Amino acid sequence: MTISYAGEVPNGSSFGCFWRILCKWRGSVYKLVWRELLAYLTLYYTINLLYRFALTEHQQRIFEKVRQYFGAQSESIPMSFVLGFYVSLVVKRWWEQYKLLPWPDTLALFISAGIPGADETGRLMRRNIVRYAILAYVITLQRVSLRVKRRFPTWQHVVDSGLMLESERKVFEKMDGKSPMSKYWMPLVWATNIINRARKEGLITSDHIVQTLLVELSDIRRRLGALIGYDTVCVPLVYTQVVTLALYTYFVAALMGRQLVPPAPGSTSKYEPDVYFPLFTALQFCFYVGWLKVAEVLINPFGEDDDDIELNWLIDRHIKAAYMIVDEMHEEHPELLKDQYWEEVVPKDLPYTVASEHYRRHEPPCSADHYKVKAEDAVYANVQAPRKSHDETYADYESVDTPLVERRKNWFQRQISRMGSVRSASTDYSSGGLFGRNRHNSMVYSSPETGQPTAPPQQHHKMSLYERLVGRKSGRGQHRQNSKHGSQKSNGSAIPITLRNRPRIPTPDVTKEVMDRENRITMGMQNMGVIMAHQGYQNEVPVLGALVLSPIQELDSGSVNNTLHAGQPGTTALAQAVLSPGLTTGLTPMLTAAPVVSPVTLSPMGVSQLLGSSTPSTPRADRTPPAPRATVTELPSDSEHSGSGTPPEFNRKPNGSKRGEVYV
């Protein structure tokens, strides 16, 4: 097994942390290089003694020239570069091969949970599945590890260990006669068939459990196949040869170039001091050869070196752990008891011993936890300045044809919503008109007056062409409904309900302006009703209907079809559709003859004069109730009215748009 020394070097800040491990022998560099170092020093001293005692003076001079040449040229071999890349590649392969070794614990846990029951059939299935997984493990390691091969040299040895049955050995021998390939996957096939049988017999209650078990078995097969691949596909031989030749060539040259010889008599050249042991040459030999020895040890992690993996111990451990999980501990657990933190729910602090008290730590801080942002830097750079009024009421102006709930937002929320909200293209035609859409899919909106959630509006009758043009229904239908119940009024309370309670759909840009304009229109209508009541016309001139004309755009100043003009067929048809038949007869000549001038309120006498100028007056009996008379009132609007039913193409121009309301 790999030599573990981590427990002996827990504190790197201590003086000489690694000194205590320099004296270890097992797995050390001394154990690896002492033979090579002894052979190298023997050759070194042999050459040195020949120079000193066997060569003549002339031969010694020649030897010194050869020594100088080898010493200068040996440094041209890049030993650090060659060894560094090679050793890093070998270490990477060594660690990856160790990670590929499969552990059956996960499979055993899945088997224990997927095949429940204490009956003999379930127990046989569980134990055989995990045994087959370990058997495939052993068969694979027989091919890649000398340690496992020495423990299980034949199939009979595997049978004797209890990992294989006699009948299974016969199957293997029969299959070996058909093909000599490695059959490490055969036990995994048997385990797969057992899982399928358990599913058919109902011991496994879910196909998902079957899939989980098969995925785990396939992962074990993949790992075992990768181990065989690492063993058969080694580091290219040429790479290993280059590194080995470079190392030994370097130190062969050092045998001549590092020789310590005494200076020649009468020589003026500088020589190294005549010492008898080449200390730094020996250290350099240990470092470079030890580096190469690291690669030799790790290139096969399943060999017999001190740092190779103890696979035989892993086999024993795996079979014991797997049987304990699927059989000994199957469906068993300790008694369910309350823990000591049951009442506290979350423990405030766990106990520390005296020796571990100084290890107590708080949550480690992050790099920006203690950074303070300046007040002037915390101001938003891309948000508009706050408005004067912070009480502006906003609604979701995306859905403009449904009643909306008004939400009061503070300045920050409004700015953020402005930056992050973009009206979709569908909003261009969502406000109604000829192509209006009914959005009755929201339950969270409410009336602005009540502030309570309202149910989606009921489906109304099909809108006529006029209703689509003006953008909203007139109050005619509702007023007729009220007339049937005898609730006719002529004062300010006769304002149509649809006008008073119709919810406004403000937008962030024109909210205040639109609200003020609506208030002025409502107040004007109320004042008109009060004036009529004071003049005593509430009994003589009952209100029969209300017509709301808003807004109709003047497309052309010279066109006769852009607004309601007297004498036009559209005006006559509109009056006939709104007024009662009795009033229509008398009012038609007035509408066809009298021009419509800018805002005017006609009293009952004025209506009579208008009617009398075009038609003969009709005498009334004293006891006959007065015939219904009409009051035509036109209220101006100083800006466009963007109602929920007005199509975008009829938006009013600033220089010629009007909004009128006719009460009859």
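Here are some friendly notes on the predicted model above.

1. A word on ground rules. Residues are numbered from 1 along each chain as its sequence is written. As this is a predicted model, local features need pLDDT of at least 70 and side-chain atom pairs count only at pLDDT 80 or more, while totals for chains, interfaces and linings use all residues, and side-chain values use heavy atoms, with hydrogens and water left out.

2. Overall, the protein has 21 helices and four strands, taken as DSSP runs numbered from the N terminus (helices: H or I, at least four residues; strands: E, at least two). Of its 664 residues, 36% are buried (under 20% relative accessible area; exposed is over 50%, partly exposed in between; 1.4 Å probe, protein chains only).

3. Do have a look at helix 1. A kink of about 35 degrees is centred on Arg35, the bend being the angle between axes fitted to the seven residues ending there and the seven starting there. Its buried residues, among them Val33, Tyr40 and Tyr51, pack against helix 2 (57-73), helix 11 (237-257) and helix 12 (279-298).

4. The aromatic rings are worth a visit too: the structure holds 17 aromatic pairs (Phe, Tyr and Trp, the last by its six-membered ring; centres within 6.5 Å; planes under 30 degrees apart are stacked, over 60 edge-to-face, the rest tilted). Phe81 and Phe85 have ring centres 5.1 Å apart and planes at 65 degrees, so this pair is edge-to-face. Phe81 is exposed, at 54% relative accessible area.

5. Elsewhere, ring pairs link Tyr40, Tyr250, Phe251, Phe285 and Tyr288 into a cluster.

Terms used: Contact means heavy atoms within 4.5 Å.
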